[in-house]
Amino acid sequence: MKVLVMDSAERAAMRAGGLIADTLSAAPDAVLGLATGATMEPVYGDLIARHRAGAISFARATSFNLDEYVGLPPDHPQSYRQTMQRLLFDHVDFDPSRCHLPRGDATDPHGEAQRYDAAIAAAGGIDIQLLGIGRNGHIGFNEPTSSLGARTRIKTLTGGTRKANARFFDTEQAVPRYAITMGIANILEARHCVLLATGEAKADAVARMIEGPLGADCPASALQLHPRASVIVDRKAASRLRMIDYYLEIHPGGEEPIIG
Ligand code: F6R
C-alpha cells in the first residue's frame, strides 16, 4: 500500500484527481470506478478543471459507481445518480450511455446486482477505482462484518452510516436502509485502487485500514491484499498512523518513492 500524505485536504483531492487524469491520459478508453460522499466533491471539481483546461477528456471512458440507495429512482435528488450528474457528469464530455450506477429502483434488486457485475466484466474490469472510507472502515457500502469475498449485492446500512449521511437528506428517517454496493471482491479486482481520506474524523479508520489487522471488522483493511493500492490522506486523517515518519520519508510531499 502506498501511503501518500499531503499537507492539506485540497492537495490530497488534487493528488487523487491527478492519478485519474494520468490513467485517462495513458488510456483514454479507461474504465473508471467512481465513488460519492463529501470527500469526493473536490476530486470531481479538480477533474472538471482539468477537463476545462483541455488536459483530459472522458469522451472514450466508461464509469461504474460503487453504489446506490435501494428504493431511489435515478431522478431522485438524493440518488447517487443525481449526485454524480451534479458533481461530474453534467460538466464533462462523458458519453451518458457509458456512465453506470446500479438502479436503486430495480424491481429485482438482487438481479440488478448480478447484472451490474456482468456489466463490469463485459467492460473488461475497472482500471482505477476511487474510494472514500467511512468512519467505521466501510468502503463502498461494505459495512463492518461484510464478507471480504462478496460481489455486488444488497447491504443494510448501519445506524452510524445513516446518521452520517442524514446531512444529505431532510431527516435521518429519510435515509434509505439498504444500498446496492459493489463488494470487496469487485474492489480488489480493480487494477489500481485509490482511497482518499481527509479530516480528523477519518483518522481512526485510516490507521486501522493501513496498520491494523486484516479483517471484516474494518472492510477497508482488505486493501492490504491489493497489489496496487494508493491511499491519499491529509495530515489530519494521517494523525493516528504509527509509521507516519516512514511514509513521509518514502513519499516526500506525497510523491512516488525516491528508490524503486
Ligand atoms: C459512497 C461510498 C462511501 C463513502 C464513505 C465516505 O459511494 O463509497 O464508502 O466514500 O461513506 O463518505 P464521506 O466522504 O461523505 O465521508
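Which residue in β10 is the bridge partner of leucine 4? Keep that in mind as you set up the view.

**Before you start**

This is a predicted model, where local features need pLDDT of at least 70, side-chain atom pairs count only at pLDDT 80 or more, and totals for chains, interfaces and linings use all residues. Residues are numbered from 1 along each chain as its sequence is written, and side-chain values use heavy atoms, with hydrogens and water left out.

**Stop 1: the sheet**

Show the strands. Helices (H or I, at least four residues) and strands (E, at least two) are DSSP runs, numbered from the N terminus. Seven strands form an open sheet in the order β1-β10-β9-β6-β2-β3-β5, and their pairing is parallel. Two strands pair if DSSP finds at least two bridges between them. Go to the edges: β1 (2–6) and β5 (99–100) each pair on one side only.

**Stop 2: β1 and its neighbour**

Select β1 together with residues 229–234, which are strand β10. Five bridges join the two in the parallel sense. Now pick leucine 4: its bridge partner is isoleucine 232. Then pick valine 5, which stands opposite valine 233 in β10. Switch to a surface view. Four of the five residues of β1 are buried. Buried means under 20% relative accessible area, exposed over 50%, and partly exposed in between (1.4 Å probe, protein chains only).

**Stop 3: helix α4**

Select residues 109–122. This is α4, with 14 residues. From first C-alpha to last it reaches 20 Å, close to the 20 Å expected at 1.5 Å a residue. That expected span is 1.5 Å times one less than the number of residues.

Color Glu112, Ala113, Tyr116, Asp117, Ala119 and Ile120, the buried residues of α4. Look down the axis: they fall within an arc of 160 degrees, so they line one face of the helix. The arc is taken from the directions from the helix axis to the C-beta atoms. On the other side, His110, Gln114, Ala121 and Ala122 are exposed.

What do the buried residues of α4 pack against? They pack against β3 (62–65), β5, β7 (153–156), β8 (178–181) and α6 (184–189). Contact means heavy atoms within 4.5 Å.

**Stop 4: two positive phi values**

Step past α4 to glycine 124, whose phi is positive, near 95 degrees. Next, select threonine 145, in the loop between β6 (128–131) and β7. Threonine 145 has a phi near 80 degrees, positive in a residue other than glycine. Most residues other than glycine have a negative phi. Threonine 145 is exposed, at 66% relative accessible area.
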